[in-house]
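Hi,

Here is the structure I said I would pass on. Have a look at it first, and my notes follow below.

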Amino acid sequence: EGCEKECCAIALHLVPSFVASSNGKPQRSTIYVKEICCASEIAAIRSIVEPLVGVASARVNPTVKMLYVDHYLDMVTAADICAALNRERIGARIEKD
């Protein structure tokens with residue numbers, strides 16, 4: 001039986017239906033983010049990456065300028081994620097795919 005709390009109801013609406021139908025497990029990619037200089041930019045980076053179809057989660061470490069993205073390869077690649085960031089002039093490049 002599901003949780004009735006408001007936070008869970010909101011989370012259920014944020015999880016796209018594709019996650020349940022994607023093949024396989026998400027892959028973690030590491031992306032260097034040149035233009036991040038402080039923790040206040042984490043929200044901006046996540047707002048670009050998390051809405052992409054196929055992204056399961058995104059974590060930003062501003063100290064080392066790295067973005068760690070768990071994503072479904074059959075839906076979005078690390079190159080797609082970098083392209084989305086670079087459209088906003090973030091200066092992203094794939095470190096590990």
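There are four helices and four strands in the protein, and from the N terminus on they run α-α-β-α-β-β-α-β. Helices (H or I, at least four residues) and strands (E, at least two) are DSSP runs, numbered from the N terminus. Before you go further: this is a predicted model, so local features need pLDDT of at least 70 and side-chain atom pairs count only at pLDDT 80 or more, while totals for chains, interfaces and linings use all residues. Residues are numbered from 1 along each chain as its sequence is written, and side-chain values use heavy atoms, with hydrogens and water left out.

Some overall numbers. The accessible surface comes to about 6,300 Å², and 54% of that belongs to carbon and sulfur atoms; areas are from the Shrake-Rupley method with a 1.4 Å probe, and for residues only the protein chains shown count as cover. Of the 97 residues, 31% are buried. The classes are: buried under 20% relative accessible area, exposed over 50%, partly exposed in between (1.4 Å probe, protein chains only). If you take contacts (heavy atoms within 4.5 Å) between residues at least 6 apart in sequence, 61% join residues at least 24 apart.

The four strands make an open sheet in the order 2-3-1-4, with antiparallel pairing; two strands pair if DSSP finds at least two bridges between them. Strand 2 (55-61) and strand 4 (92-96) are the edges, each pairing on one side only. From one strand to the next, the twist averages 30°. For this and the other angles, axes are lines fitted to C-alpha atoms, for helices over the stretch in contact, and angles run from 0 to 180 degrees between N-to-C directions.

Strand 1 (residues 27-33) is joined to strand 3 (residues 66-71) by six bridges, and the two run antiparallel. Strand 1 also pairs with strand 4, again in the antiparallel sense, over four bridges. T30 shows both pairings: opposite this residue stand Y68 in strand 3 and K96 in strand 4.

Two helices pack on the sheet. Helix 3 (residues 42-49) touches strand 1, strand 2 and strand 3, and its direction makes about 160° with that of strand 2. Helix 4 (residues 78-87) touches strand 1, strand 2, strand 3 and strand 4, at about 155° to the direction of strand 4.

How covered is strand 1? Mostly: five of its seven residues are buried. S29 is in this strand and counts as buried because its relative accessibility is 0%. Its bridge partner in strand 3 is V69. The S29 side chain also makes a polar contact with the side chain of D97, at 3.0 Å. A polar contact here is a pair of N or O atoms within 3.5 Å; within protein, one must be able to donate a hydrogen and the other to accept it, and residues adjacent in sequence count only if both atoms are side-chain atoms. Leaving out residues up to four places away in sequence, S29 touches L67, Y68, V69, H71, A78, K96 and D97.

- K65 has a positive phi of about 60° although it is not a glycine. K65 is in the loop between strand 2 and strand 3 and is partly exposed, with a relative accessible area of 26%.
- R89 is not a glycine either, and its phi is also positive, near 60°. R89 is found in the loop between helix 4 and strand 4 and counts as exposed at 73% relative accessibility.
- L73 lies in the loop between strand 3 and helix 4, partly exposed at 46%. Its C-alpha atom is separated by 9.2 Å from that of V55, 18 residues apart along the chain.

Cheers
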